[in-house]
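Subject: Structure handover

Hello,

The structure we spoke about is below. My notes on it follow, so please read them alongside the coordinates.

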Amino acid sequence: MTVRHILSLGLFVLAGPAPAHNHEMCMEIAAGVTAAMLDCISTTFERAEGALNALWDKQLPQVDPELADMLRKAQRDWIDYRDTTCAAEGAVWGGGSFAAVALSDCRLRLTQERLGWLEKISRPER
């Protein structure tokens, strides 16, 4: 199995659905049309990123300044990681029309994972 096959199998596996938007359903409706797929991913990404930012804005002021600095650095590092990882994932497709879908889907997937992480650390079990 090639990297391309592995990516195509896992491309639309998401960390979880965005609230009030069924990503899988809109991808099915897109029926493989690149522009429609990108619209679907974009809508879901905007919602996931909005939820991430809202949680971030709510939680950060509640932690001590030293932890807040660590979290800010971790977030900046994560954004760099997300962007370079997804650029590489998109490049695997050799710049074809599906490269944009792979890049966008990667950004969505990693953002949803990050949202899950932030939700988890915002309510640590002690």
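Which residues in α3 are buried? Bear in mind that this is a predicted model. The buried residues of α3 are Met37, Cys40, Ile41, Thr44, Phe45, Ala48, Leu52, Leu55, Trp56 and Gln59. As for the geometry of this helix, α3 has 26 residues, which at 1.5 Å a residue should span 38 Å. The C-alpha atoms at its ends are 37 Å apart, in agreement with that value.

Nonpolar cores

The largest nonpolar core has 12 residues: Leu52, Leu55, Trp56, Leu60, Ala68, Leu71, Trp78, Cys86, Cys106, Leu110, Leu115 and Leu118. Two or more residues of this core come from each of α3 (34-59), α4 (65-91) and α5 (97-121). There is also a second, separate core of 10 residues, with Ile41, Phe45, Ala48 and Leu108 among them. In general, nonpolar side chains in soluble globular proteins tend to be buried together.

Leucine 115 belongs to the largest core. With neighbours within four places in sequence set aside, leucine 115 contacts Ala48, Ala51, Leu52 and Leu55.

Disulfide

The count of disulfides is one. It joins cysteine 86 to cysteine 106, with an S to S distance of 2.1 Å. Cysteine 86 is in helix α4 and cysteine 106 in helix α5, so the bond ties together parts that are 20 residues apart in sequence. The torsion about the S-S bond is about -75°, and the disulfide is therefore left-handed. Cysteine 86 and cysteine 106 are both buried, and both are listed in the largest nonpolar core.

Aromatic pair

A search of the whole structure turns up one aromatic pair. The partners are tryptophan 93 and phenylalanine 98, at 4.9 Å centre to centre. Their planes are 70° apart, and the pair is edge-to-face. Are the two partners buried or partly exposed? Tryptophan 93 has 14% relative accessibility and so counts as buried, the limit being under 20%. Phenylalanine 98, at 23%, counts as partly exposed.

Aspartate 105

One more residue to look at is aspartate 105, which is in helix α5. Its relative accessible area is 0%, so aspartate 105 is buried. Aspartate 105 and serine 42 are 63 residues apart in sequence, while their C-alpha atoms are 8.6 Å apart in space.

Regards

Conventions. Residues numbered from 1 in each chain as written. Predicted model: local features only at pLDDT ≥ 70, side-chain atom pairs only at ≥ 80, totals over all residues. Heavy atoms only, no water. Core = buried A, V, L, I, M, F, W, Y, C linked by side-chain atoms within 4.5 Å. Buried < 20%, exposed > 50% of the residue type's maximum accessible area, 1.4 Å probe, protein only. Helix = DSSP H or I, 4+ residues; strand = E, 2+ residues; numbered from the N terminus. Contact = heavy atoms within 4.5 Å. Phe/Tyr/Trp six-rings, centres within 6.5 Å; stacked < 30°, edge-to-face > 60°. Disulfide = S-S within 2.5 Å. Expected span 1.5 Å × (residues − 1).
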